[in-house]
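Reader: I have a structure to learn. Can we go through it in short steps?

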Amino acid sequence: DTFTSIIHGKVAHQEAKNHMSWAGKYLIVYSLADAEFVANYILNGGSREEFFARFPGEATSPGFDPDQDLAYVGVANQTTMLKGETQ
């Protein structure tokens, strides 16, 4: 479990849940603003409290530590999302 899967999708959607089930560590991002927030956190650090307020509950894997778990990432896309859903 060296890599964290960043999953583009909706937490409650079945396809995202399927990605979550095979990912060891994961983070679910819904929007471009979420992706930009994560990129900024990776590059500059940030507030853990603000991170978990933005990505609560099932949006992260159990025990997720953004300060360590975002060092190596891969990306998966929930392919059934429409372009307009995330803009």
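Reader: Which residue in β2 stands opposite Ile7?

Author: This is a predicted model, where local features need pLDDT of at least 70, side-chain atom pairs count only at pLDDT 80 or more, and totals for chains, interfaces and linings use all residues. Residues are numbered from 1 along each chain as its sequence is written, and side-chain values use heavy atoms, with hydrogens and water left out. Strands (E, at least two residues) and helices (H or I, at least four) are DSSP runs, numbered from the N terminus. In β2, the residue opposite Ile7 is Ile28.

Reader: Over how many bridges do β1 and β2 pair?

Author: Two strands pair if DSSP finds at least two bridges between them. One link joins Ser5 to Tyr26 in β2. β1 and β2 run in the parallel sense, and their bridges number five.

Reader: What is the strand order of the open sheet?

Author: The sheet has three strands with parallel pairing. β2 and β3 (73-77) are the edge strands, each pairing on one side only. The order is therefore β2-β1-β3.

Reader: How many of the five residues of β2 are buried?

Author: Buried means under 20% relative accessible area, exposed over 50%, and partly exposed in between (1.4 Å probe, protein chains only). β2 is mostly covered. The count of its buried residues is four.

Reader: How far apart are the end C-alpha atoms of helix α2?

Author: Helix α2 covers residues 32-44, which is 13 residues. The expected span is 1.5 Å times one less than the number of residues. That gives 18 Å, and the model agrees, with the ends apart by 18 Å.

Reader: Which residues of α2 are buried, and what arc do they cover?

Author: The buried ones are Asp34, Phe37, Val38 and Tyr41. The arc is that of the directions from the helix axis to the C-beta atoms. These residues lie on the same side of α2, because their arc is only 95°.

Reader: Where in the chain is confidence lowest?

Author: pLDDT is the predictor's confidence in each residue, from 0 to 100. Confidence is highest in α3, at a mean of 97. The lowest mean, 66, belongs to helix α1 (residues 14-22).
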